[in-house]
Amino acid sequence: MADGSLLMAGEHILGRAASGPLLRLTEPVSFWGGVDEQTGQIIDRHHPQYKASLAGTALLMGAARGSSSSSSTLLECVRLGTAPAMLLLTERDTILAVGVAAAWEIYGRGPSVVVLPGPLDARDGGRIHVDQHGRIYGRYDPG
């Protein structure tokens with residue numbers, strides 16, 4: 001069941017319905033070398049959200065930055081339970097989608113992936129829910 005108002009509908013790529021607090025990245029991050037798979041924290045000291053935890057979040061970002069190895073780091077985050085609950089992408093990202101597809105195949109779980117048609121107007125920390133059709137719900141709270 002959806003929690004809150006419909007904020008937007010995106011293109012559902014992978015995964016199931018999921019919920020989590022919104023974390024909007026101000027810059028892209030490379031999962032490989034930029035995220036600690038043990039904790040889910042951003043470890044890239046040059047990233048503006050250094051030390052922010054991605055674990056269990058509704059992670060809003062463009063595409064990931066960097067290496068194709070990001071897919072294996074994301075897969076390891078899923079295995080360890082430190083992955084985001086969902087990836088809300090403003091750009092298509094094949095590398096992250098491959099990591100998520102592998103997680104669903106190997107572990108039977110992983111983040112949902114939704115490609116958004118435009119910016120999501122909601123405040124960080126607010127609870128976001130995505131259904132199996134890519135509809136995104138939450139409390140409307142413009143930043």
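Helices (H or I, at least four residues) and strands (E, at least two) are taken here as DSSP runs, numbered from the N terminus. The structure is a predicted model, in which local features need pLDDT of at least 70 and side-chain atom pairs count only at pLDDT 80 or more, whereas totals for chains, interfaces and linings use all residues. Residues are numbered from 1 along each chain as its sequence is written, and side-chain values use heavy atoms, with hydrogens and water left out.

The protein has three helices and eight strands, and from the N terminus on its elements follow the order β-β-β-α-β-α-β-α-β-β-β. The radius of gyration, taken over C-alpha atoms, is 14 Å, close to the 15 Å that the globule rule (2.2 Å times the number of residues to the power 0.38) gives for 143 residues, so the protein is as compact as a globular protein of that length. The C-alpha trace spans about 35 × 35 × 25 Å along its principal axes. With contact defined as heavy atoms within 4.5 Å, residues 24 or more positions apart account for 75% of the contacts with a separation of 6 or more. Buried residues (under 20% relative accessible area, with exposed being over 50% and partly exposed in between; 1.4 Å probe, protein chains only) make up 48% of the 143 residues.

In soluble globular proteins, nonpolar side chains tend to be buried together. A nonpolar core is a set of buried Ala, Val, Leu, Ile, Met, Phe, Trp, Tyr and Cys residues joined through side-chain atoms within 4.5 Å. The largest such core holds 22 residues, of which Leu25, Phe31, Leu54, Leu59, Leu87 and Leu96 touch the most other members. Two or more residues of this core come from each of strand 4 (58-61), helix 2 (70-80), strand 5 (86-89) and helix 3 (94-107), and helix 2 gives the most, with four residues. Apart from this core lies another, of 16 residues, which includes Ala85, Met86, Val114 and Leu116. When neighbours within four places in sequence are left aside, Leu59 is in contact with Leu23, Leu25, Phe31, Leu54, Pro84, Met86, Leu87 and Leu88.

Within helix 2, the residues Ser70, Ser71, Thr73, Leu74, Leu75, Cys77 and Val78 are buried, and the cover over the buried residues of this helix includes helix 1, strand 5 and helix 3. Helix 2 is followed by Gly81, whose phi is positive, near 80°. A positive phi, of about 80°, is also found at Lys51, although Lys51 is not a glycine; Lys51 is placed in the loop between helix 1 (31-34) and strand 4. Most residues other than glycine have a negative phi.

In strand 5 is found Leu89, which is buried, with a relative accessible area of 1%. Apart from its neighbours within four places in sequence, Leu89 is in contact with Met61, Gly62, Leu96, Val113, Val114, Val115 and Leu116. The C-alpha atoms of Leu89 and Gly10 are separated by 9.3 Å, although these residues are 79 residues apart along the chain. Asp121, in the loop between strand 6 (112-115) and strand 7 (127-130), counts as partly exposed at 38% relative accessibility. The C-alpha atoms of Asp121 and His46, 75 residues apart along the chain, are separated by 26 Å.
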